[in-house]
Amino acid sequence: MTPIDTTVPEKPRPKLDGPEKPFWDGLREGEIRVQRCENCGRHRFPASRYCPHCHSPEFQWEAVAGEGEVESFCVFHKAYFPGFVPEMPYTVLQVKLDSGVRFFSNPAEGEAKDALAVGTRVRAVFEPVDNDLTLLKFRSAEARS
Ligand SMILES: [Zn+2]
């Protein structure tokens, strides 16, 4: 008889060595690195070959400040991946940093589930998962400043 597997399935992992490698490397070092267009100067994420604003192919990766605002959020009551079952219901945030880039993320570890609302000022938190992967999460800027 096969024993029942009681381990929690892993969550899906981002591709760390793809076009966003500089972003993931940056998070491990406590920085948010995004592409900055060398023609119009605007920041963008996720990575793309051409600037969505002026179509220039010239860019550099550059660290941006981790302050921004919650633009929207959603509470998930269904786990689309089994690895998320222990955290249900869980919150997904859409954060717009002051540099103009947007991220889908989650509230940082220990943040009250209802602490973040649309318009809340937030700051980045770097949460290591293991040696290779650090996740970008957010915490209310008012709470700890
Ligand atoms: Zn541009």
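Biologist: How far apart do the C-alpha centres of domain 1 and domain 2 lie?

Modeller: They sit 21 Å apart. Keep in mind that this is a predicted model. The domain assignment puts 18–64 in domain 1 and 65–145 in domain 2.

Biologist: What makes a residue count towards the contact between them?

Modeller: The test is C-beta atoms within 7 Å of each other. On that test, 10 residues from domain 1 and 11 residues from domain 2 take part. On the domain 1 side, the elements giving two or more residues are α1 (21–28), β1 (32–37) and β2 (43–44). That side has five nonpolar, two polar and three charged residues.

Biologist: Why is a set of residues called a nonpolar core?

Modeller: Because its members are buried residues of nonpolar types, joined through C-beta atoms within 7 Å. The largest such core here has 15 residues. I32, V70, L93, V95, V122 and F138 have the most contacts inside it.

Biologist: How do you know that this core draws on domain 1 and domain 2?

Modeller: Each of the two domains gives at least three residues to it. By element, α1, β1, β5 (90–97), β7 (121–128) and β8 (134–140) each give two or more. The largest share, three residues, comes from β5.

Biologist: And L93, what is it in contact with, leaving aside neighbours within four places in sequence?

Modeller: The list is V70, F73, S105, N106, P107, L116 and F138. Contact asks for C-beta atoms within 7 Å, so each of those residues meets that cut-off with L93.

Key
Residues are numbered from 1 along each chain as its sequence is written. This is a predicted model: local features need pLDDT of at least 70, side-chain atom pairs count only at pLDDT 80 or more; totals for chains, interfaces and linings use all residues. Domain bounds come from an automatic or database domain assignment. Two residues are in contact if their C-beta atoms, placed from the backbone, lie within 7 Å. Helices (H or I, at least four residues) and strands (E, at least two) are DSSP runs, numbered from the N terminus. Ala, Val, Leu, Ile, Met, Phe, Trp, Tyr, Cys and Pro count as nonpolar, Asp, Glu, Lys and Arg as charged, and the others, Gly among them, as polar. A residue is buried if 20 or more other C-beta atoms lie within 10 Å of its own, exposed if 12 or fewer, and partly exposed in between; C-beta atoms are placed from the backbone.
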